[in-house]
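Try each task yourself before you read its solution.

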Amino acid sequence: MKQDFPLFTHNPDLVYLDYANTAPKPQSVISAVCEYYTHYSGNVHRANHDIGSRADHAYEMARMRIAEYLGAERNEIVFQKNTTEAINLVAQSFVAKLIEPGDKILLTGLEHHANLVSWQLLAARTGAELVFSQVDEDGCFDEQHWLKLLISGVRFAAFTAVSNVTGERFPIEQMLAAARGLGVPTLIDAAQLMPHERIDFDKLGADFLVFSGHKVYGPTGVGILIGRYELLNQMDPWIGGGDMIDTVHLSSSTFQEPPLRFEAGTPPIASVIGLGAAIDYLDGHLTETQHAHESCMMQGVLNALNQIEGTRFLGDPTSDARLASFVIEGVHSADLGAYLNEKNVAVRVGKMCAHPLLEQCGIDSAVRASIGLCTDQTDIDKFADALTKAVKRLR
Amino acid sequence: MSTLQQRAEEIAEELSYLDREERFEWIIDTGKELKTADDFQDHELVKGCQSKVWLRVWQEENNLRIIGTSDALLVKGIVSLLISIFDNATIDESKSFDFIEWMNKNQISLSMQRMQGLEGMLRRIQG
Ligand SMILES: Cc1ncc(COP(=O)(O)O)c(C=O)c1O
């Protein structure tokens, strides 16, 4: 698969284990972006010439492709900048209207800052109270506690589908069923799920689902909000400007229907078109064989880490995840990251945008290795080798 | 006693015999060898990005004195380098020395500098 990705052609020695941060881009995505800029770089939604119509067509075709892939309707796909912005839109335009002071918003203790700080801002504005399901001693999601909080009465529930720190996949199907049963609207942060698993929005039954283009092998600058149309249609826009209005007067305006209502101003056209190509790539490659391959590669990563005495994982490493965060006794994570970098192994070091979780684990800074479509045995062998050397040298 | 400039040049000469990988290893060794106090106080903590750094900076007559350490080895190497160059320098000497430029000239990897909150350390030393 690496031959499809120019990053690896240009960096043949690179061992990239930072997919969870951002994924490399296949040639097809790069070409789609390039083609737009080279052949038809017009603006969208205001076309009175051919170049503009071609851009418009490609942009809307990308929306169509993404909708098809995800089992959603075309007009349920809203282009945003990234996961973070998509969550903020739901918070400010949908949840804000539901909230009376003292109402509860249910989160989990494993959220990325994107799915935490957005709600803190909303809580400050509306007087909502944030409640969190606890993380158990192993750093895992506590479903029973979450259900208990859900039943106790909450206005909204937002949760990640896969933790970016522990790699745990949450039982989202059961969680959504429970929330639906109680009439609690939901948002799923699928930023770490989408690169590894195909989902069907309609069957899943979430109200909102968000993810980032750059983590699914697409360009940076575009993220997706999928929302049930009837809910999107109740929402007021959060950002105003061109493209999102129907009629404009000096004192007031009426707004376009969703999704354009939420796409004010010129959107990241090239990135959207590139994301369409990325979804095609995922569609072709996220097969069962690939799933088994990724499981096997991840086992390789874990084996390498288990060889090292004093490795401590965050969360449960045996849960068929696609990433592992860890600390190694007697070796500072920053040193380990720098040493691995010297050996051309790219991993993430730090708090992974989940400060409360790391604090709870009593860890200042961890190392995270995450795999993806192109990870192969050579990567695993080089990682194992560099890791052994690093620990020997740094202890 | 040598001047700051002389000390910096001596280290640069030592480094000039090393390739990139050896320079990296050299920093690790320098970090391992750093001898330091173990009674640092909270106010001596310099907030780095991924690791903790303590620096104690004071003046003796007109000279700057520095001790310091870090919980990360590579950062300790950098702290050791700072001490080799700045400890016992006059205030004037220290203020006019551009450490980051010196690091770049001697090809001590940039990513390392960034992660260490080096600027915070230099502010403590150079004021
Ligand atoms: C679970 C999760 N949510 C949200 C985000 C934020 O994504 P972005 O920075 O693209 O908005 C990330 C990215 O690291 C993530 O892993």
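The exercises below go from model confidence to the ligand, and then to single residues.

A word on conventions: this is a predicted model, in which local features need pLDDT of at least 70, side-chain atom pairs count only at pLDDT 80 or more, and totals for chains, interfaces and linings use all residues. Residues are numbered from 1 along each chain as its sequence is written, chains are lettered from A and ligands numbered from 1 in the order in which they are written, and side-chain values use heavy atoms, with hydrogens and water left out.

**Exercise 1. Find where confidence is lowest and where it is highest in chain B.**

Step 1: Start with the overall scores, which are ipTM 0.88 and pTM 0.93 for the model.

Step 2: Turn to pLDDT, the predictor's confidence in each residue, from 0 to 100. Chain B has a mean pLDDT of 89, and 91% of its residues reach 70 or more.

Step 3: Go through the helices (DSSP runs of H or I, at least four residues; strands are runs of E, at least two; both are numbered from the N terminus). The lowest confidence in chain B is in helix α6 (residues 110-115), with a mean of 58, and the highest is in helix α1 (residues 4-16), at 95.

Step 4: Keep a caution in mind: where pLDDT is low, the predicted coordinates should not be read in detail.

**Exercise 2. Describe the shell of residues around the ligand.**

Step 1: Collect the residues near the ligand (one heavy atom within 4 Å of it). There are 13 of them, and the closest are A:Thr84, A:Asp189, A:Gln192, A:Ser212 and A:Lys215.

Step 2: Sort the shell by class: two residues are nonpolar, nine are polar and two are charged. Here Ala, Val, Leu, Ile, Met, Phe, Trp, Tyr, Cys and Pro count as nonpolar, Asp, Glu, Lys and Arg as charged, and the others, Gly among them, as polar.

Step 3: Look for polar contacts (pairs of N or O atoms within 3.5 Å; within protein, one must be able to donate a hydrogen and the other to accept it, and residues adjacent in sequence count only if both atoms are side-chain atoms). A polar side-chain atom of A:Thr84 is 2.6 Å from a ligand oxygen atom, and an N or O atom in the side chain of A:Gln192 is 2.7 Å from a ligand oxygen atom. The backbone takes part too, with a polar atom of A:Thr83 at 3.3 Å from an oxygen atom of the ligand.

Step 4: Check the cover: of the 400 Å² of accessible area that the ligand has on its own, the protein covers 89%. Such areas come from the Shrake-Rupley method with a 1.4 Å probe; for residues, only the protein chains shown count as cover.

**Exercise 3. Is A:Glu111 buried or exposed, and what does its side chain pair with?**

Step 1: Locate A:Glu111 in the loop between β3 (104-108) and α5 of chain A.

Step 2: Compare its relative accessible area with the cut-offs (buried under 20%, exposed over 50%, partly exposed in between; 1.4 Å probe, protein chains only). At 5%, A:Glu111 is buried.

Step 3: List its contacts (heavy atoms within 4.5 Å). Leaving aside neighbours within four places in sequence, A:Glu111 touches A:Ala158, A:Phe159, A:Thr160, A:Cys353 and A:Ala354.
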